[in-house]
Amino acid sequence: MSSEIRDDPEFRALLELSAALGADPARTQAAGGNTSIKRARVMWIKASGAWLADALRREMMIPVLLPPLRAAMAAGDPRAESAVAFVDPSYNAPGLRPSIETSVHAALPQAVVVHIHCVETIALAVRADAEAAIAARLPGLQSGEWIFVPYVKPGLPLAHEIGKRLTGKTRVIVLGNHGLIVAGETVAAAADLVGRVCQAFAAPSSAAPAPDLDALARLVEGGDYRLPNDPAAHVIATDPRRLAVARRGSLYPDHVVFLGPGIVEGAIVHGRAQAPPDLDRLAPMLVLPGQGVALRRDSPKGTDEMARCLADVAGRIPEDAPIVTLTPAQERELVDWEAEKYRRSRNAVSTGAS
Ligand SMILES: [Zn+2]
């Protein structure tokens, strides 16, 4: 990395903000979310598959040349999708790719862009009445300063949909069934806005019966599944309200990418957790209604965080709320997407936890 950017206090401040957001499971999870800063012709953006939480521990910001990337986006050039062709040629970090959302960041004019999968934002953004629900909670922002973009596939399609709706003053974007984007001219301005919006969207999480961890451990002992590292993940199964929400379908992309479409419910047979017999391969997560959840022992890094995210999001959605779920076609385009396969492969490390 050039010393010029390393010495830039705004760059350092963005890394600090990224690490703080990445460390908070209510703000973003695992390799989800991304941040960027524009400096003249270059936009530094998080690498695909990297975790914001690691922003101060390892190098993860990749310089992308903005003018050719923006020209490619405007011309419908397919190379804008991965943006790999627009990485500054003087940068040398083999194996790293810019974020899947690089085009989204490039579509925004502000110097600093923060995209997170805030659970409180997602809980509103999955609602069929999301725009009205958001408007009621963002009284400090005028229409146009914030916009809502109904779900489209992340990446270039999302960048185009955002571009169509941007006003000259847009600085908050709520992405339907996905998350939050905040933009500002400084890191401090963006950080302040993230804090204000997340506070405005905050909702209490529904109460849930605690899981019996010893009983769960016996159910999975010696099998293909293990318990999640974070017991907070279990409440998707112990809280009937959350389970009812999860049964309605996939709520946001990273759920599909890491846990597969919807949820797979297992049963207890002879004192052991069992997956449905008709599955052709192990489900990433097995939901045991009333008991808890279990994750594949060979699950990639990030699976635990996504399991907890589902419980956190569902706990903030009223059971009777009108919600939008991803269609089977939208689920398929995420599972089959080469860019997502790459991002998963960057996290293909078994936690080895039991
Ligand atoms: Zn995202």
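In the hairpin of strand 1 and strand 2, two residues sit between the strands, and Ala40 takes a positive phi near 55°. Helices (H or I, at least four residues) and strands (E, at least two) are DSSP runs, numbered from the N terminus. Residues are numbered from 1 along each chain as its sequence is written. This is a predicted model: local features need pLDDT of at least 70, side-chain atom pairs count only at pLDDT 80 or more, and totals for chains, interfaces and linings use all residues.

**Stop 1: around strand 1**

Stay with strand 1, residues 34–39. Five of its six residues are buried, so this strand is mostly covered. A residue is buried if 20 or more other C-beta atoms lie within 10 Å of its own, exposed if 12 or fewer, and partly exposed in between; C-beta atoms are placed from the backbone.

Now show its partners. Two strands pair if DSSP finds at least two bridges between them. Strand 1 pairs with strand 2 (residues 42–46) in the antiparallel sense, over four bridges. Four bridges also join strand 1 to strand 4 (residues 112–116), again antiparallel. Click on Ile37. Its bridge partner in strand 2 is Trp44. Its bridge partner in strand 4 is Val112.

**Stop 2: two positive phi values**

Most residues other than glycine have a negative phi. Go to Ala83, where phi is near 65°, a positive value in a residue other than glycine. Ala83 lies in the loop between helix 3 (66–75) and helix 4 (102–107). Is Ala83 buried or exposed? Ala83 is buried, with 29 other C-beta atoms within 10 Å.

Jump to His270. Its phi is positive too, about 50°, although His270 is not a glycine. Look for His270 in the loop between strand 10 (267–269) and strand 11. His270 counts as exposed because it has 5 C-beta neighbours inside 10 Å.

**Stop 3: Leu279**

Move on to Leu279, in the loop between strand 11 (272–274) and strand 12. Leu279 has 11 C-beta neighbours inside 10 Å, so it counts as exposed.

**Stop 4**

Which strands form the open sheet here, and in what order? Four of them, in the order 8-13-12-9, with mixed pairing. Strand 8 (225–226) and strand 9 (264–265) are the edge strands, each pairing on one side only.

Walk across from strand 8. Strand 8 and strand 13 pair in the antiparallel sense over two bridges. Tyr225 stands opposite Arg296 in strand 13. Next, strand 13 pairs with strand 12 in the antiparallel sense over four bridges. Val287 has Val293 as its bridge partner in strand 13. The hairpin of strand 12 and strand 13 has three residues between the strands, and there Gly290 takes a positive phi near 85°. Finish at strand 9, which runs parallel to strand 12 and is joined to it by two bridges. Glu265 has Val287 as its bridge partner in strand 12.

Show the side chains of strand 12. In a regular strand the side chains alternate between the two faces of the sheet. Met285 and Val287 point one way, Leu286 and Leu288 the other way, and all are buried.

**Stop 5: helix 13**

Select residues 303–314. Helix 13 has twelve residues and reaches 17 Å from its first C-alpha to its last, close to the 16 Å expected at 1.5 Å a residue. The expected span is 1.5 Å times one less than the number of residues. Twelve of the twelve residues are buried, so helix 13 is largely enclosed by the rest of the structure. Among the buried residues are Asp304, Arg308 and Cys309. What do they pack against? The buried residues of helix 13 pack against several elements, including helix 5 (119–125), helix 11 (240–246), strand 12 (285–288) and strand 13 (292–296).

**Stop 6: zoom out**

Colour by domain: domain 1 is 3–201 and domain 2 is 213–345. These bounds come from an automatic or database domain assignment. The C-alpha centres of the two domains lie 26 Å apart. The contact takes 26 residues from domain 1 and 22 residues from domain 2. Two residues are in contact if their C-beta atoms, placed from the backbone, lie within 7 Å.

Last, colour by pLDDT, the predictor's confidence in each residue, from 0 to 100. The chain averages 94, and 97% of the residues score at least 70. Over residues 350–354 the pLDDT is below 50; beyond near neighbours in sequence, this stretch has seven contacts in the model.
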